[in-house]
Amino acid sequence: MTDSLGPRLKVGVVVPSTNTSAQPELDAMRPDGVTNHTGRMLIDDDPMVDEPGFDRVMRGIRSSTHPAIRSVACCDPGCVIIGVSPESYWEGTETQGRVLASMREAAGGRPVTMSPDAIKAALSAHDVRRIAVITPYLPVGDDSVSRFFTDSGYDLLSVQGLGMPSPAKISHVSETGLRDAVKEIDSADVEAIVQVGTNVAMSRLAAAAEFWLGKPVLSNNTVLYWHALRQNGIGDRIRGFGSLLAEH
């Protein structure tokens, strides 16, 4: 017997307790026969305006990620999405394999999707290397994201931080603000625009921006869900969220 609502795939999703964007965005992308099951990393809404503040947020995420993964593993999902960006970039490319392995262990050996691997797969699907990146952070967070993409071999042409002062405030970024950020960092040399930060609600705006610009605009939440679906045998073409889910 299979799960009555999720006979094709059950997706575990782990997000910080301050995140109000990832769950509704991923649910909106859900194909028939796939269900999402969200666990939360219990963190405080600490300021991220300087490195000590950012470090406090990171410590909260690190201490609560494995318990949150284990909480969703109890429903026996087919895979787990780690819906948090800073942990994925903060320690650099050389630690990604170790971090991913620890997440898989906490998930009982289930496949795990994290932002760096999902974004690399999406950029490969579009066959692009010259990128511009939007982050929700102040410079203390932007620097780590920039270093990750540069160390991964991408030609990073521009970074636009939205300057949000705390994890919960990231969800307050408006579509108007995102539109302006896209326009600010775009240029003829940019092959794709990448948005990081799973509490930024950009999935629909990114799809619209692709139409204006004629190039890929990759929302973090869309990329995570696309990669999880494709890596676990779900090939449905889902429209309304950009070319990645609709064409790849």
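**Figure 1. Surroundings of Lys10 in the predicted model.** Apart from neighbours within four places in sequence, Lys10 is in contact with Asp3, Thr35, His37, Cys75, Asp76, Pro77, Gly78 and Cys79. Lys10 belongs to strand β1, which covers residues 9-16. Its relative accessibility is 16%, and because the cut-off for buried is under 20%, Lys10 counts as buried. A polar atom of the Lys10 side chain lies 2.8 Å from the backbone oxygen of Cys75. The Lys10 side chain also reaches the backbone oxygen of Asp76, at 3.4 Å.

**Figure 2. Asp76, a residue with positive phi.** Asp76 sits in the loop between α2 and β3. Its phi is near 60°, a positive value in a residue other than glycine. Most residues other than glycine have a negative phi. The relative accessible area of Asp76 is 46%, so this residue is partly exposed. The backbone oxygen of Asp76 is the atom that the side chain of Lys10 reaches at 3.4 Å.

**Figure 3. The open sheet that contains β1.** The sheet has 4 strands, in the order β2-β1-β3-β4, and the pairing is parallel. At its edges stand β2 (34-41) and β4 (112-113); each has a single partner strand, so one side of each is left without a neighbour in the sheet. Strand β3 (residues 79-82) runs parallel to β4, and 2 bridges join them. In this pair, Ile81 stands opposite Thr113 of β4. Helix α2 (residues 51-73) lies across β1, β2 and β3. The helix runs at about 145° to β2.

**Figure 4. The open sheet that contains β5.** Here 4 strands are arranged in the order β6-β5-β7-β8, with parallel pairing. The edge strands are β6 (155-161) and β8 (217-218), and each of them pairs on one side only. Strand β5 (residues 130-135) and strand β7 (residues 192-195) run parallel and are joined by 4 bridges. Ile131 is placed opposite Ala192 in β7.

Figure 5. Is Asp127 buried or exposed? With 68% relative accessibility, Asp127 counts as exposed, because the cut-off for exposed is over 50%.

**Figure 6. Crossing of helices α7 and α8.** Helix α7 spans residues 175-185 and helix α8 spans residues 203-213. Their axes come within 11 Å and cross at roughly 35°. The crossing is right-handed. On the α7 side the contact is made by Glu175, Leu178, Arg179 and Val182, and on the α8 side by Leu205, Ala209, Trp212 and Leu213. By class, this contact has 6 nonpolar residues, 2 charged residues and no polar ones.

How values were computed:
Residues are numbered from 1 along each chain as its sequence is written. This is a predicted model: local features need pLDDT of at least 70, side-chain atom pairs count only at pLDDT 80 or more; totals for chains, interfaces and linings use all residues. Side-chain values use heavy atoms; hydrogens and water are left out. Two strands pair if DSSP finds at least two bridges between them. Buried means under 20% relative accessible area, exposed over 50%, partly exposed in between (1.4 Å probe, protein chains only). A polar contact is a pair of N or O atoms within 3.5 Å; within protein, one must be able to donate a hydrogen and the other to accept it, and residues adjacent in sequence count only if both atoms are side-chain atoms. Contact means heavy atoms within 4.5 Å. Axes are lines fitted to C-alpha atoms, for helices over the stretch in contact, and angles run from 0 to 180 degrees between N-to-C directions. A crossing is left-handed if the near helix is turned anticlockwise from the far one by less than a right angle, and right-handed if clockwise. Ala, Val, Leu, Ile, Met, Phe, Trp, Tyr, Cys and Pro count as nonpolar, Asp, Glu, Lys and Arg as charged, and the others, Gly among them, as polar.
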